[in-house]
Amino acid sequence: TIRFWETQFKQLKPKKINKRRYYDNKNIDILLRIQFLIKNQGMTINGVKKVLDNKNLDIDLHKKKNISSDIFKFRVNKINKLLKNLKK
């Protein structure tokens, strides 16, 4: 999964020494953000790309208090879809 994400997200740049990848704290933070947005928030890879491209993004992965506008819009859309399904 991590190697696939490396092909999808330009922000991931591990150091490669003797065909091994070494991830610094910045790369680990990016991986945690990607995992949080995809697995916990249900975002698509393209959605996560947009979020990561936003330079002002500040997601607190531990407290999950700071939510970007993209995540907020995603949640609103998801709630709207659920409400429409409930009405049916």
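Arg33 counts as buried at 15% relative accessibility, where buried means under 20% relative accessible area, exposed over 50% and partly exposed in between (1.4 Å probe, protein chains only). The model is predicted, so that local features need pLDDT of at least 70 and side-chain atom pairs count only at pLDDT 80 or more, while totals for chains, interfaces and linings use all residues. Residues are numbered from 1 along each chain as its sequence is written, and side-chain values use heavy atoms, with hydrogens and water left out.

Arg33 forms a salt bridge with Asp29, the closest N and O atoms being 2.9 Å apart; a salt bridge is a side-chain nitrogen of Lys or Arg within 4 Å of a carboxyl oxygen of Asp or Glu. Asp29 and Arg33 are four residues apart in helix α2 (residues 25-40), and are therefore separated by about one helical turn. Helices (H or I, at least four residues) and strands (E, at least two) are DSSP runs, numbered from the N terminus. Asp29 is partly exposed, at 30% relative accessible area.

By the salt-bridge rule the count comes to three. In one of them, Glu6 pairs with Arg21, with the closest N and O atoms 2.8 Å apart; this pair links distant parts of the chain, since Glu6 belongs to helix α1 (residues 2-8) and Arg21 to strand β2 (residues 20-22), 15 residues apart. Glu6 is buried at 15% relative accessible area, whereas Arg21 is partly exposed at 26%.

Lys10 forms a salt bridge with Asp53, the closest N and O atoms being 3.6 Å apart. Lys10 lies in the loop between α1 and β1 (15-17) and Asp53 in helix α3, so the pair ties together parts that are 43 residues apart in sequence.
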